[in-house]
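Subject: Structure for you to look at

Hello,

Here is the structure I said I would pass on. Please open it first, and then read the notes below.

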Amino acid sequence: MSLRTIHTFPDPVLRQKARKITEFDETLQPLISDMVETMYDAPGIGLAAPQIGESVQLIVLDVSKEKEDQKFMVMINPEITEHEGNQIDEEGCLSVLDLTASVKRSRKITVTYLDISGKEQKLTTEERFAVVLQHEIDHLNGILFIDHLSSLKRALYKKKMKKMLASKKR
Ligand code: NI
């Protein structure tokens with residue numbers, strides 16, 4: 001296992017649509033281990049593969065608060081198949097530095113995905129865990145939580161990051 005670098009906005013890898021995983025070979029497990037290690041080290045409650053520069057549809061989630069017998073969960077090629085209601089909650093992202101903001105999401109979602117062995121699974125969840133899942137699945141489609149904010153808020157953030165990057169280069 002090794003700790004990986006988390007790519008941050010405006011890195012273009014975060015804007016790519018990640019490709020589906022079709023082969024469940026020996027390269028998958030080390031990637032998952034790296035992601036889990038990187039997530040806990042950050043620390044974060046979820047991490048998507050594009051955040052460590054791997055443009056594939058893979059997310060890991062910390063479920064130690066949701067489930068008693070499990071520490072983390074792996075979802076491959078996850079897709080939201082049903083959603084219902086709305087909720088607004090505070091979000092941040094390991095790839096979006098120095099910002100948290102309120103984001104509107106579905107309250108309850110159903111996700112279909114493949115587990116580590118390539119078996120199809122289905123999960124229905126709500127409230128905070130549904131938020132985390134929607135946030136991580138967005139990453140696989142090149143979407144960041146700032147894309148859900150008003151254009152004014154987003155523009156302010158981009159300006160701030162530009163300034164920060166410019167001052168680093170000096
Ligand atoms: Ni994120």
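Helices (H or I, at least four residues) and strands (E, at least two) are DSSP runs, numbered from the N terminus. This is a predicted model, in which local features need pLDDT of at least 70, side-chain atom pairs count only at pLDDT 80 or more, and totals for chains, interfaces and linings use all residues. Residues are numbered from 1 along each chain as its sequence is written, and side-chain values use heavy atoms, with hydrogens and water left out.

Cis peptide bonds

Most residues other than glycine have a negative phi, and most peptide bonds are trans. A cis bond joins phenylalanine 9 to proline 10, with omega about 5°; proline 10 sits in the segment before α1 (28-41). Another cis bond runs from alanine 42 to proline 43, where omega is near -10°. Proline 43 belongs to the loop between α1 and β1 (46-48).

The nickel ion

Which protein atoms are donors of the nickel ion? They are SG of Cys93, NE2 of His135 and NE2 of His139, at 2.1 to 2.2 Å from the ion. Donors here are N, O and S atoms within 2.8 Å of the metal (3.2 Å for Na, K and Ca); water is not among the atoms, so sites may look incomplete. Along the chain, the donors have the spacing C-x41-H-x3-H. Cysteine 93 in strand β4 (residues 87-93) and histidine 139 in helix α2 (residues 127-140) are 46 residues apart, and the pair links distant parts of the chain. Both cysteine 93 and histidine 139 are buried, where buried means under 20% relative accessible area, exposed over 50%, and partly exposed in between (1.4 Å probe, protein chains only).

Helix α2

Of the 14 residues in α2, 12 are buried, among them Phe129, His135 and Leu140. Glycine 142, with a positive phi near 75°, follows α2.

Asparagine 77 has a positive phi, near 50°, and is in strand β3 (residues 72-84). Is asparagine 77 buried or exposed? It counts as buried because its relative accessibility is 9%. Aspartate 98, in strand β5 (residues 96-105), has a positive phi near 55°. Its relative accessibility is 53%, so aspartate 98 counts as exposed.

Regards
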